[in-house]
Amino acid sequence: MFPPFSFSRLAVAFLALGLLVGCASQKPEEPSEKTAEALYNDGLNLMEKRLFREAATQFEEIERQHPYSQWAPRGQLMSAYAMYEALDYDAAIKALESFIRLHPGSEYIAYAYYLRALSDYERIADVRRDQTYAHLALSELQTIIRRFPDTAYARDARLKIDLVNDHLAGAEMEVGRNYMTQKLFTAAVGRFRTVVERYQSTSHVPEALHRLVESYLALGILDEAKKTAAVLGHNFPGSRWYQDSYDLLRKNGLID
């Protein structure tokens, strides 16, 4: 998954700035060292060849050899991006958190936050597995919207938040269905209620309401089953889940 501003656009922006600085810089370098500009360009060349780990190492050299140059933070950010492209998300996050801590006023700070969020977003697991990264990504995407509301990153974060919420609701549904299979209906109710209350804008709500009807009937809580079916019918009258709930209530003699 690529960020809204592709690698080439981001790299060109850095490179253009760097050329301007490079033309104005007259500071001599040690014979054993490359200039910051040369190291940066070497990193870009490796990125174009998709040698991402090698590129990350090259960008890191900028900070090692020229720690006080204005190229150092750019190299640090590009190193993080290279590790992201190499799918080494832990290394990318480590570099990004260092960048955020050291350069909070950078013009690229919003991008750093966004790339950190993507590094967790990319690791969201199947709904049957642990959802730690989904929760982390959700929190980080919300931070982007709160801190950088008028940026392209915030616009994309809003779209991704909807996807993450739908995914988390799906994970709750999966667990709830498993509880029902084991006849653990009280536990199932807790999961389905979470979907209805916390993820009410997702596509899973109609089924969650129907599963609540099923679970309440299994527990003998008939009034709650009828109330929940009424909510389902009011909000999703054309849903097949409402038809299933209606048929279930009629089968149990709760409606005519």
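## Asp126 and its partner

Let's start with Asp126, which is partly exposed at a relative accessible area of 34%. The cut-offs here are under 20% relative accessible area for buried and over 50% for exposed, with partly exposed in between (1.4 Å probe, protein chains only). The side chain of Asp126 meets that of Arg128 in a salt bridge, 2.8 Å from N to O. A salt bridge here means a side-chain nitrogen of Lys or Arg within 4 Å of a carboxyl oxygen of Asp or Glu. Arg128 counts as exposed, with 62% relative accessibility.

## What you're looking at

This is a predicted model, where local features need pLDDT of at least 70 and side-chain atom pairs count only at pLDDT 80 or more, while totals for chains, interfaces and linings use all residues. Residues are numbered from 1 along each chain as its sequence is written, and side-chain values use heavy atoms, with hydrogens and water left out.

The structure holds 15 salt bridges. As a bit of background, side chains of opposite charge can pair when their charged atoms come close. One of these bridges joins Arg177 and Glu174, at 3.4 Å from N to O. The two sit three residues apart in helix 8, so about one helical turn separates them. (Helices are DSSP runs of H or I with at least four residues, numbered from the N terminus.) Both ends are partly exposed: Arg177 has a relative accessible area of 27%, and Glu174 has 21%.

Arg177 also forms a salt bridge with Glu207, and here the closest N and O atoms are 2.9 Å apart. This pair links distant parts of the chain, since Glu207 belongs to helix 10 (residues 205-219) and Arg177 to helix 8, 30 residues apart. Glu207 is buried, at 11% relative accessible area. Follow the shared partners and you get one network made of Glu174, Arg177, Glu207, Arg211 and Glu214.

## Helix 7 and its cover

Now for helix 7, which runs over residues 132-147 and has 16 residues. From first C-alpha to last it reaches 23 Å, close to the 22 Å expected at 1.5 Å a residue; that expected span is 1.5 Å times one less than the number of residues.

The buried residues of helix 7 are Ala134, Ala137, Leu138, Glu140, Leu141, Thr143 and Ile144. Among the elements that cover them are helix 6 (109-121) and helix 8 (152-181).

Key. Contact = heavy atoms within 4.5 Å.
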